[in-house]
Every structure is written in structure tokens, then in C-alpha cells.
Amino acid sequence: MHVLANAATSVDGKLSTRRREQVAISGPEDFARVDRLRADYDAVMVGVGTVLADDPSLTVDDPDLVARREARGEPVQPARVVADSRLRTPMDARILDDTARTYLLAAEAAPTERIEAVEAAGATVVVAGEERVDLPAALDALEDDGVGRLMVEGGGELLFSLFAADLVDELSVYVGSVVLGGRDAPTLADGEGFLEDFPSLSLEGVERLDDGVLLSYRR
């Protein structure tokens, strides 16, 4: 599986405010770029924290891009994937509508009644790991189900876990011209942090978009 991590950060590396409220960091040019990326991937993934904070739909908006997917014989929308160890995704979350196929990656510790409720809502639950989602095993299961290209849009805990498991192939970061600050504000890679064996990246491109810069890296 090919995994692209994509994020927008403030100039000081924050994904949002310390209250984890959604902030418009990028502009229309970057929004269009993200829409094109989604259209090129089999699935789009976020962590449950992003679902709880932002209630995203993770769908392709541009009708021309949707039509091109259909012309290629692909599902009209990419699948949605949520890393959600205990299945905390609200039952009225947009991720659970019938716009696209949805996978919830859960751990064995997830309550049985939540698994049943989510599956009754039409989502596919992939159980991997005991207390937390075993990401390598979960992504293997997704690949077995036809997901060959996965785009990950955050948040910081999920991105850190993916880097820690050596699962990221590409990273694209839009750096907006705004300072958010806050020692408790989420960053691109939260989690425990690395003390050694830091993930190494190779800068592949720099492009100005809106009033910011897009940085493209490969592992």
C-alpha cells in the first residue's frame, strides 16, 4: 500500500488551536489541491479525534473530479477510514452517511455493542490490535480489500503513529502564514515523540500556494 500523509499547519507547526478548533490555515488553491488528491486515492483516512472535532465528510467536492473517477471505473467517492480504537465515532457523524464506503479501524477492546451499532449503520469494522489499533495489520486488511493508495489527513496522534510504524511513503505539508501558538495545541506529529531513529525525509518540492508554501517530501 502507498500512504500519503497530507496536512496544513501554521508557520509554528500547529494543526489547530489549543482548544482543537478548526482554523482556516490554507486557502482556495490548497483546498482545490486537496480535492484533487482525494480524487486520486482509493481511501482517505483520519483519526477519531479529527472526527470528534471537525465532523469531516472526506469526500471529493468537484463534480468534474467525481466524473473522472466514475469514468475510470472507480467508486464515485474514495472510501473513508477512521482509526478509532474504542469506536467513539458518533452515530450521527457525517463519516457514517451513505455517500461513500466507510471503514472504522478498532481494537479488540472496543465494546461489542458499538461494533454492532456501527455495522448496522453501514460501516465496515476492521478489528486489529488489543487495546489500540495495530496500524500495520489494519492497513494490510484494507489492502486485502482493495485499498492500494491511502491518503491520511491527520490528526497529529495518527500521523505520529504512522511514522512510528514506518508506514508513510510521502508527506505533503501546506504551511500557512499564521501563528497559532500554544504548548498544548496539536502539531503535525504528536504522540510520545521520538528520542532516536528519527524518521528521515527527502525534500522533493517547494511550491507557493495562496499565501503559504507547500512542502513535498518522500521517505
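This is a predicted model: local features need pLDDT of at least 70, side-chain atom pairs count only at pLDDT 80 or more; totals for chains, interfaces and linings use all residues.
Colleague: With which residue does Asp145 form a salt bridge?
Modeller: Side chains of opposite charge can pair when their charged atoms come close. For Asp145 the closest N and O atoms of the pair are 3.2 Å apart, and a salt bridge requires them to be within 4 Å. The partner, which is partly exposed at 44% relative accessibility, is Arg101.

Colleague: How many residues apart in sequence are the parts that Asp145 and Arg101 tie together?
Modeller: Asp145 lies in the loop between H5 and S6, whereas Arg101 lies in the loop between S3 and S4. Because the two residues sit in these separate loops, their pair ties together parts whose distance in sequence is 44 residues.

Colleague: Which side chain of opposite charge is nearest to Asp190?
Modeller: Asp190 lies in the loop between S7 and S8, and its side chain makes a polar contact with the side chain of Thr187 (2.5 Å). Asp190 is buried yet has no salt bridge, since a salt bridge needs the nitrogen and oxygen atoms within 4 Å. The nearest side chain of opposite charge is 4.4 Å away, and it belongs to Arg20.

Colleague: Which strands are the edge strands of the open sheet of nine strands?
Modeller: The order of the strands is S5-S4-S3-S2-S6-S1-S7-S9-S8, with mixed pairing. An edge strand here pairs on one side only, and this holds for strand S5 (124-127) and strand S8 (202-209).

Colleague: Which residue in S9 is the bridge partner of Val173?
Modeller: Strand S7 (residues 170-176) and strand S9 (residues 212-218) pair in the antiparallel sense, over seven bridges. Within S9, the bridge partner of Val173 is Leu215.

Key. Residues are numbered from 1 along each chain as its sequence is written. Side-chain values use heavy atoms; hydrogens and water are left out. Two strands pair if DSSP finds at least two bridges between them. Helices (H or I, at least four residues) and strands (E, at least two) are DSSP runs, numbered from the N terminus. Buried means under 20% relative accessible area, exposed over 50%, partly exposed in between (1.4 Å probe, protein chains only). Lys and Arg count as positive and Asp and Glu as negative; His and the chain ends are not counted. A polar contact is a pair of N or O atoms within 3.5 Å; within protein, one must be able to donate a hydrogen and the other to accept it, and residues adjacent in sequence count only if both atoms are side-chain atoms.
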